[in-house]
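Thanks for coming, everyone. Let me put the structure up, and then we can walk through it.

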Amino acid sequence: MENGDLGHMMGEPVSLNVGGCVYSTSRSTLLRYPDSILGAMFRGDIPTVRDARGNYFIDRDGQLFRYILNFLRTSELTLPCDFKETELLRKEADFYQIEPLMQCLGDPKPLLPYPTNTYEEVVELSSTRKLSKYSNPVAVIITQLTITTKIRAVLESISSGFPKWNKHMMDTRDYQVSFTFGPCDHQQEVSLRVHLLDFISQAGFTIRNTRVHHMSERANENTVEHHWTFCRPTHKVRG
């Protein structure tokens with residue numbers, strides 16, 4: 001094999017500064033899972049930031065990123081026998097939206113019960129994508145995002161915080177209300193999803209679980225639904 005052929009296979013080198021830890025890899029490795037946050041970043045679908053030395057900067061756990069990167073390289077999850085940070089790694093995998101890694105890590109352990117004077121507030125985020133069966137690579141035809149919660153303050157904040165997006169509101173089960181964004185194209189959905197995930201996290205919610213559901217509605221397209229459930233503890237107000 002000629003050196004030029006090997007270089008073409010390895011792809012363009014890229015340096016990343018993840019939480020202060022610098023990694024070197026190839027652009028093709030970062031694009032291994034196109035629907036992930038890293039895939040969107042290095043396709044140019046969402047903005048990137050560089051540090052003073054020109055490395056791409058990501059404000060996440062730098063130590064755990066080694067396991068993320070090795071998974072991108074090999075599609076296998078290899079952890080030390082005494083590894084004790086599975087919960088943290090699961091959150092990192094969920095942030096980067098690398099679905100095969102999320103499946104390897106499995107569902108999170110049940111949380112301990114809250115104190116009697118505390119209850120749980122819930123926000124659900126779902127993404128619905130219609131995919132063409134006959135294009136190669138698979139093309140996303142249309143997408144939409146939906147936020148569902150009983151917490152009016154969260155919905156009002158989202159409504160005011162994302163004014164440029166077309167959205168409609170509807171009442172759902174158990175006094176919950178949904179905001180649906182879209183329909184929009186794939187690049188818009190990825191950008192909006194990143195901002196919504198960040199917005200929900202900054203409101204004090206943590207990810208409880210994620211799930212993916214595949215459906216086949218028509219002969220020429222599939223529908224893929226992604227669901228994220230976020231929770232935060234809140235003290236009960238005494239009457």
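Here is a question to start: is Arg60 buried, partly exposed or exposed? Arg60 is partly exposed, at a relative accessible area of 26%. The cut-offs are these: buried is under 20% relative accessible area, exposed is over 50%, and partly exposed is in between, with a 1.4 Å probe and protein chains only.

Some ground rules. This is a predicted model, where local features need pLDDT of at least 70, side-chain atom pairs count only at pLDDT 80 or more, and totals for chains, interfaces and linings use all residues. Residues are numbered from 1 along each chain as its sequence is written, and side-chain values use heavy atoms, with hydrogens and water left out.

Now the overall picture. The protein chain has 8 helices and 10 strands. Both are DSSP runs numbered from the N terminus: helices are H or I with at least four residues, strands are E with at least two. Of the 239 residues, 39% count as buried. A contact means heavy atoms within 4.5 Å. Take the contacts in the protein chain with a separation of 6 or more: 62% of them are between residues 24 or more positions apart.

Next, charges. Side chains of opposite charge can pair when their charged atoms come close. How many salt bridges does the structure hold? It holds 4. The criterion is a side-chain nitrogen of Lys or Arg within 4 Å of a carboxyl oxygen of Asp or Glu.

Back to Arg60. Its side chain meets that of Glu92 in a salt bridge, 2.9 Å from N to O. This pair links distant parts of the chain, 32 residues apart: Glu92 is in helix α5 (residues 86-96), and Arg60 is in the loop between β4 (56-58) and α4 (65-74). Glu92 counts as buried, at 8% relative accessibility. Arg60 has another partner. Its charged end sits over the ring of Phe95, 4.0 Å from the centre. For that label, NZ of Lys or CZ of Arg must be within 6 Å of the ring centre and within 35 degrees of the ring normal.

Stay in α5. Glu87 and Arg90 form a salt bridge there, at 2.7 Å, N to O. They are 3 residues apart in the helix, so about one helical turn separates them. Glu87 is partly exposed at 34%, whereas Arg90 is buried at 13%. The buried residues of α5 are Leu89, Arg90, Glu92, Ala93, Asp94 and Tyr96. Just after the helix, Gln97 takes a positive phi of about 55°.

One more bridge: Arg27 and Glu12, at 3.2 Å, N to O. Arg27 lies in helix α2 (27-30) and Glu12 in the loop between α1 (3-10) and β1 (13-18), so the bridge ties together parts 15 residues apart in sequence. Glu12 is partly exposed, at 46%.

On to helix α4. Which of its residues are buried? They are Phe65, Tyr67, Ile68, Leu69, Phe71 and Leu72. These pack against β1, β2 (21-26), α2, α3 (37-43), α5 and α6 (99-105). Just after α4, Ser75 takes a positive phi of about 60°.

Last, the rings. The structure holds 6 aromatic pairs. Rings of Phe, Tyr and Trp (its six-membered ring) pair if their centres lie within 6.5 Å; planes under 30 degrees apart are stacked, over 60 edge-to-face, and the rest tilted.

Tyr33 and Phe71 are stacked, 6.0 Å centre to centre with 25° between the planes. Tyr33 is in the loop between α2 and α3, Phe71 is in helix α4, and they are 38 residues apart. Both are buried: Tyr33 at 19%, Phe71 at 1%.

Phe42 and Tyr56 are edge-to-face, because their planes are at 75°, with centres 4.8 Å apart. Phe42 is in helix α3 and Tyr56 in strand β4, 14 residues apart. Phe42 is buried at 5%, and Tyr56 at 11%. Arg50 lies over the face of Tyr56, 4.0 Å from the ring centre.

Finally, a cluster: ring pairs link Tyr23, Phe65, Phe95 and Tyr96. Phe95 is the ring under Arg60's charged end, which is where we came in.
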